[in-house]
Amino acid sequence: MKLISRSSAAKALSLAAVSALVLSGCAAAPEDTTAEPIDFLACAVSDEGNWNDKSFNEAVYTGLKQAESELGVQINALESATPEDFEPNLQASVDAGCDIIIGVGFALGDAITKISAENPELNFALVDSASESTNVKPLLFETAEAGFLAGYASADYSTSKTLGTFGGLPFPSVTDFMTGFYYGAMQWATDNDAEVTVLGWDPANPDGGDFMGGFAPNNPEGLAIAKTQIQAGADVILPVGGNQFTSVQAAIDELNPEAVMLGVDVDIAAGNPDLANYILTSIEKRMAIATFDVIKALVDGAAFDATPYVGTLANKGVALSPFAAFESKLSSGLASRLAEIEAGIIDGTYKPKG
């Protein structure tokens, strides 16, 4: 990777006006903007967990609910408690006559490839992975781009200049977050002629990465990894494995109350007030937008297109969340530098994957 260096008070109502308001019923009722129901069934099958995971699954469910409200579609959302539920849930969606079936996550790849091949007349979409089937539209996200910004900001914020990250399993949709984070931290080191250490992931040595072995919410292995990294000096932690935030919070509370973590997939601080003082920022993968757009295209009459959707910084498909509770704690000039880097990622100057 090439690293780049940088040398009246309001008037009271009159009696007549008040009378007019009373006679007119005071005010018009808010207009109901809910769309009329239409004959279209949009379905989704969750990854391991549930639709209220404050992360990956919930983002897709938000897109479904938006389509229900704004487009008038009917929705059917099936939760998968374990990977063994993937195929039965997909088959149940087929049996329900869904017009589009969305698999939430790369872990559904094999199951969705099998079910889609058996039902070539139906339309499918798969988040975070591709499929051999021509009736499956991949919904992909360049999370390394936003991850690069997060890594840069984390290195700038860190007191120890030691950062940590870990994942669920070493799939590209997980490691891309970690790779962007790593290279963003290294860019900060180059810009500032300083040393930064990233624990848990080095793109040059992927076999040495820290992974939990799965994506169950608040995995005990995630807690153990977070503790180990904090004990090794990390004061910013990036967990990439669904909802691991309560575990990391526990590790921070126990070992270093000054440490912080990053969210993934959605703006974790905005949706979890209890975590707001722990979340420096989040690396957003705007799956709700992608989900809604795929459904809307079909509702509007477009032919199904299996060409991948790719979310980037340029099309706002990925983004860095606001720093919220930490805005006042950021160093002077960081915001403008992040804007420069974002522009550089978009024009190709910076390479988030090395």
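**A walk through the helices and loops**

Let's start with helix α8: its buried residues are covered by elements including β6 (162-167), α7, β8 (236-240), β9 (260-265) and α9 (268-271). Covering here goes by contact, meaning heavy atoms within 4.5 Å. The helices (H or I, at least four residues) and strands (E, at least two) are DSSP runs, numbered from the N terminus. Keep in mind that this is a predicted model, where local features need pLDDT of at least 70, side-chain atom pairs count only at pLDDT 80 or more, and totals for chains, interfaces and linings use all residues. Residues are numbered from 1 along each chain as its sequence is written, and side-chain values use heavy atoms, with hydrogens and water left out.

So which residues of helix α8 (residues 245-255) are buried? They are Phe245, Ser247, Val248, Gln249, Ala251 and Ile252. Buried means under 20% relative accessible area, exposed means over 50%, and partly exposed is in between (1.4 Å probe, protein chains only).

One of those residues, Ser247, leads us to Asn219. Leaving aside neighbours within four places in sequence, Asn219 is in contact with Met212, Gly214, Gln244 and Ser247. You'll find Asn219 in the loop between β7 (197-199) and α7 (220-231). Asn219 counts as buried because its relative accessibility is 13%. The side chain of Asn219 also reaches the backbone nitrogen of Glu221, at 2.9 Å. That's a polar contact: a pair of N or O atoms within 3.5 Å where, within protein, one must be able to donate a hydrogen and the other to accept it, and residues adjacent in sequence count only if both atoms are side-chain atoms. Now look for Glu48: 171 residues separate Asn219 and Glu48 in sequence, yet their C-alpha atoms are 12 Å apart in space.

The loop between β7 and α7 also holds Asn218. Asn218 isn't a glycine, but has a positive phi of about 50 degrees. Why point that out? Because most residues other than glycine have a negative phi. Asn218 counts as partly exposed, at 27% relative accessibility. Asp193 is not a glycine either, and has a positive phi of about 50 degrees. Asp193 sits in the loop between α6 (172-192) and β7, and with 74% relative accessibility it counts as exposed.

Next, a pair of helices. Helix α5 (residues 143-157) and helix α11 (residues 334-347) pack at an angle of about 155 degrees, with axes 10 Å apart. That makes α5 roughly antiparallel to α11, since angles over 145 degrees count that way, while those under 35 are roughly parallel, 65 to 115 roughly perpendicular and the rest oblique. Axes are lines fitted to C-alpha atoms, for helices over the stretch in contact, and angles run from 0 to 180 degrees between N-to-C directions. The contact involves residues including Phe148 and Tyr152 of α5 and Arg337 and Ile341 of α11. Arg337, in helix α11, is buried, with a relative accessible area of 5%. The Arg337 side chain makes a polar contact with the side chain of Glu340 (3.0 Å).

Finally, find helix α2 (residues 56-71) and helix α10 (residues 287-299), whose axes come within 7 Å and cross at roughly 35 degrees. Among the residues that meet are Ala59, Gly63 and Ala67 in α2 and Ala288, Phe292 and Ile295 in α10.
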